[in-house]
Amino acid sequence: MGDRSLVDADRVVASWEGALTIRRPGTEGSLRRPQAGALHAVLGHLLSGVDVPGLVVMPTGTGKTETMLAVTVAAGLERLLVVVPSISLREQVCDKFL
């Protein structure tokens with residue numbers, strides 16, 4: 001599934017500079033309300049300095065994959081663990097991340 005060669009993590013994170021702009025929900029190119037809310041909640045958790053795992057729960061169809069991508073870019077994460085229940089969903093999520 002595409003070029004899977006490893007790329008230096010610093011280069012990937014540097015490529016995200018300016019890639020995400022928070023816009024008011026409903027405007028063109030914005031995250032939907034559940035996505036924006038989850039993004040802000042995760043960033044708040046990460047910035048709070050607490051040393052406990054966080055958990056985000058979103059209903060079906062609210063855009064969890066796009067939210068994971070937005071969190072990864074906004075927080076500049078080098079790694080993100082995504083657990084999915086099926087091979088077909090794994091391939092779908094992998095395609096979005098690529």
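This is a predicted model: local features need pLDDT of at least 70, side-chain atom pairs count only at pLDDT 80 or more; totals for chains, interfaces and linings use all residues.
Then show what Q35 touches: M58, T62, G63, E66 and T67, leaving aside residues up to four places away in sequence.

Is Q35 buried or exposed? Q35 has a relative accessible area of 5%, so Q35 counts as buried. The cut-off for buried is under 20%.

Next, select R32. Find the backbone nitrogen of R32. A polar atom of the Q35 side chain lies 2.7 Å from that nitrogen.

Now widen the view to the helix. Q35 belongs to helix α2, which covers residues 33-48. Count along α2 and you get 16 residues. Draw a distance from the first C-alpha of α2 to the last. The span is 22 Å, close to the 22 Å expected at 1.5 Å a residue.

Which residues of α2 are buried? Select Q35, A36, A38, L39 and V42. Turn the view until you look down the axis of α2. The buried residues fall within an arc of 165°, so they line one face of the helix. Here is the background: an α-helix has 3.6 residues a turn, so residues three or four places apart point the same way.

What covers that buried set? Select residues 64-75. This is α3, and α3 is part of the cover over the buried residues of α2.

Last stop: G49. This glycine follows α2. Check the backbone angles of G49: phi is positive, near 85°.

Notes
Residues are numbered from 1 along each chain as its sequence is written. Side-chain values use heavy atoms; hydrogens and water are left out. Helices (H or I, at least four residues) and strands (E, at least two) are DSSP runs, numbered from the N terminus. Buried means under 20% relative accessible area, exposed over 50%, partly exposed in between (1.4 Å probe, protein chains only). A polar contact is a pair of N or O atoms within 3.5 Å; within protein, one must be able to donate a hydrogen and the other to accept it, and residues adjacent in sequence count only if both atoms are side-chain atoms. Contact means heavy atoms within 4.5 Å. The expected span of a helix is 1.5 Å times one less than its number of residues. The arc is that of the directions from the helix axis to the C-beta atoms.
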